[in-house]
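Here are some short notes to read beside the model. Please keep the structure open as you go.

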Amino acid sequence: MEVVPTIYRQPTRTSLEIAQFLDIRHADLLKVIRKMEKVWIEVGEGNFALTSYTDSQGKQRPCYELTFEQTLFVTSKYDDRQRAILIRRWKELESIQRPETMADIFAETERLAGEMREDLASGKILPERGVTLTAYDVAIYSFLRNGIKSSIDTPFCVTNTMISKALGIDVEDVQPAWERLERGGYIVTRKFGDKCAFILGSRQP
């Protein structure tokens, strides 16, 4: 019987959630995070995970996903009571966190890939005109395309951090590249957790 390895995903919280817990403005917390990130990098811990969310006006705004250690580091100068609330919320999160197996990830990736293929075939996904790609965009597309070929066309998922490390690109440059590639019809994506499942679109750079 084949043993499927188990992956324990380190829990994260978004900077939006952290700002709510601390009862502060998200914009103010972002300033603190960006300042503290420089120190985190200096001690060899790498960048914080930059992502985005859609605001009430439908616009994409930046936010971060932080681990427990990163959250404590970033909020070290805040009020003790606020940080105590944060720790309690983290315990609640960890109490419901479940291990995720490779089989679970593969099944979800396959399901999302099926949805994306149907949307692409039905014409629900149409490329925008005039999307200009950067050199980073083309490099990421090649990385994704080669990954699919090496896995015999089996869809798989990646994270922004994986792409950043593989190509030597700053992690904050990865998400905008995803968005340009998708708008231009070069890839189709679906997010689940901190991962991004994808298939190749109808166009090539």
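1. Start at Gly168. This glycine comes just after helix α7 and takes a positive phi of about 70°. Keep in mind that the model is predicted.

2. Now step back into α7 itself, which spans residues 160-167. Which residues of α7 are buried? They are Asn160, Ile163 and Ser164. Seen down the axis of α7, these buried residues fall within an arc of 100°, so they line one face of the helix.

3. Helix α8 covers residues 174-183. Its buried residues are Val174, Gln175, Ala177, Trp178 and Leu181. They cover an arc of only 160° around the axis, which puts them on the same side of α8. Look next at Gly185, which follows α8. Its phi is positive, near 85°.

4. Turn to the strands. β3 takes in residues 49-54, and it pairs with β4 in the antiparallel sense. How many bridges does this pairing run over? The count is 6.

5. β3 and β4 form a hairpin, with 5 residues between them. Gly58 sits in the turn and has a positive phi of about 80°.

6. β4, residues 60-66, is also joined to strand β2, residues 13-14. These two strands run antiparallel, with 2 bridges between them. Check Thr14 here: its bridge partner in β4 is Glu65.

Note on methods:
Residues numbered from 1 in each chain as written. Predicted model: local features only at pLDDT ≥ 70, side-chain atom pairs only at ≥ 80, totals over all residues. Heavy atoms only, no water. Pairing = 2+ DSSP bridges. Helix = DSSP H or I, 4+ residues; strand = E, 2+ residues; numbered from the N terminus. Buried < 20%, exposed > 50% of the residue type's maximum accessible area, 1.4 Å probe, protein only. Arc of directions from axis to C-beta.
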